[in-house]
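Subject: Handing over the structure

Dear colleague,

I am passing this structure on to you, and below it you will find my notes on what was found. Please read them with the structure open beside you.

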Amino acid sequence: MNDCLRTRGFLPAEDPDTRLTLGAKYEIIDQIGHDLPSLLLEPDCRAYLKSQNLPDWPHTNIPPQLLPQAHLYYVRLGFIASGYINQIGQPTTHSLPANLARPLCSIAELLGRPPMLSYDGYALYNWKRFDPEKPVALGNIDTLQNFVHLYDEHWFILVHVEIEAIAAAMLDAISALDDAAGFWDREQVDSCLQTLAETMERVIGVLKRIPEKMSDELYFSRFRPYIGQFRDVTYESMGQIHSFRGETGAQSSVMPTLVEFMKIPHQPNRLIQHLNDMRHYMPPEHQQWLDRVHGMPDVRPIATASCFNAVLERMAEFREIHYHWAIKYIARRCNDPQGTGGTPYLKWLKYLIDETRQHRL
């Protein structure tokens, strides 16, 4: 297994690069990224973005030493493209100009991703530490790229980043159990489950902090629209028309890892189809990890009931808090609430909560 997953979870092996160092002509991408929150307030933003000469990725592949640069290049272009398509206060557009579409499609293909801003670009690669000797945690991290001049958006992203950092302990515990072939040893299984439950307690503690620095009104009206869906968008010069789900936490691999490990038998329906579709928005190595966990033996027959059920209860609690925030930040503000992935999330979250608890020993 990639040691990075055991120590960093789904965050990159190295802290993200904060600026592009590919050459002088790439400085324009950093500059537009820096200016994007101001540009998006102007009615001629699209005309300005369309007029800029954004250089292509300079290689036919991604040299390993340039992976952090590739991630930053993708983050900047993903934000710029989503800002262009979803600009608040402007008419709907279904066309991404060639100067944005071409470089975005190129780097997305090399990274094995859809050419749009997915969760990895919005959160996993979009942070820096103030003090590199201190943890990846709230208070020591900030974002690299944003859509708006509001700390509320920073906070929303950074809560996800800390959750991802904490989740590394779960991947390490699952990997250790797999490496030791300990699936038939109750003591080893229970030890792994105890780590999962304790780690989920920490994750829940961070998720509860969302309202500390994020206004529900500002989230709904000022920056949530920018992570919306791409509907029938023509990528000019690329000969492609795409429809993509919007960026969403459902594209994180943390909860899918637990679902796969705990072998929760969610009933086949549109919800499960949607969650499976979210995997196409995950980095390939994260998809491979989920496939690996899917193939691991079921620990339910050997586990102590209290240890097994504790993990399920923490998962249900996590989804209940998510459900509560979905009501507070979205449902109370619109008549037909849908997630940024275009889903009837309230109904679906309730299914997930119920089916998780039904799997208890």
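Does asparagine 146 count as buried or exposed? Asparagine 146 counts as buried, because its relative accessibility is 8% (buried means under 20% relative accessible area, exposed over 50%, and partly exposed in between, with a 1.4 Å probe and protein chains only).

Before going further, please note that this is a predicted model, in which local features need pLDDT of at least 70 and side-chain atom pairs count only at pLDDT 80 or more, while totals for chains, interfaces and linings use all residues. Residues are numbered from 1 along each chain as its sequence is written, and side-chain values use heavy atoms, with hydrogens and water left out.

To return to asparagine 146, its place is in the loop between strand 3 (141-142) and helix 7 (151-166), where helices (H or I, at least four residues) and strands (E, at least two) are DSSP runs numbered from the N terminus. Leaving aside neighbours within four places in sequence, asparagine 146 is in contact with Leu36, Pro37, Phe79, Glu153, His154 and Ile157, contact meaning heavy atoms within 4.5 Å. The C-alpha atom of asparagine 146 is also separated by 9.3 Å from that of arginine 76, although these two residues are 70 residues apart along the chain.

Two helix pairs come next. Helix 9 and helix 14 (residues 305-329) pack at an angle of about 15°, with their axes 8 Å apart; axes here are lines fitted to C-alpha atoms, for helices over the stretch in contact, and angles run from 0 to 180 degrees between N-to-C directions. That angle makes helix 9 roughly parallel to helix 14 (angles under 35 degrees count as roughly parallel, over 145 as roughly antiparallel, 65 to 115 as roughly perpendicular and the rest as oblique). The crossing of helix 9 and helix 14 is left-handed, a crossing being left-handed if the near helix is turned anticlockwise from the far one by less than a right angle, and right-handed if clockwise. Among the residues that make this contact are Leu193, Ala197, Met200 and Glu201 of helix 9, together with Cys307, Arg314, Phe318 and Trp325 of helix 14. The residues of the contact of helix 9 with helix 14 divide into 15 nonpolar, 2 polar and 4 charged, where Ala, Val, Leu, Ile, Met, Phe, Trp, Tyr, Cys and Pro count as nonpolar, Asp, Glu, Lys and Arg as charged, and the others, Gly among them, as polar.

Arginine 314 is found in helix 14 and counts as buried, at 15% relative accessibility. Not counting residues up to four places away in sequence, arginine 314 touches Ala197, Met200, Glu201 and Ile204.

The second pair is helix 11 (residues 254-262) and helix 13 (residues 284-294), which pack at an angle of about 20°, with their axes 8 Å apart. That makes helix 11 roughly parallel to helix 13, and their crossing is right-handed. Helix 11 contributes Pro256, Thr257, Glu260 and Phe261 to the contact, while helix 13 contributes Trp289, Leu290, Val293 and His294; these residues divide into 5 nonpolar, 2 polar and 1 charged.

Threonine 257 lies in helix 11 and counts as buried, at 2% relative accessibility. Apart from residues up to four places away in sequence, threonine 257 touches Phe10, Ile174, Trp289, Leu290 and Val293.

On cysteines, the structure holds 0 disulfides, a disulfide being a pair of cysteine sulfur atoms within 2.5 Å. Cysteine 4 is in no disulfide, and the nearest cysteine sulfur to it, that of cysteine 192, is 19 Å away. Cysteine 307 is likewise in no disulfide, with the sulfur of cysteine 192 as the nearest one, 10 Å away. Cysteine 4 counts as buried at 15% relative accessibility, and cysteine 307 is buried with a relative accessible area of 11%.

Finally, there are two backbone details. Most residues other than glycine have a negative phi. Alanine 181, however, has a phi near 50°, a positive value; alanine 181 is found in the loop between helix 8 (168-179) and helix 9 (186-207), and is exposed, with a relative accessible area of 52%. Aspartate 232, in strand 4 (residues 230-235), also has a positive phi, near 50°.
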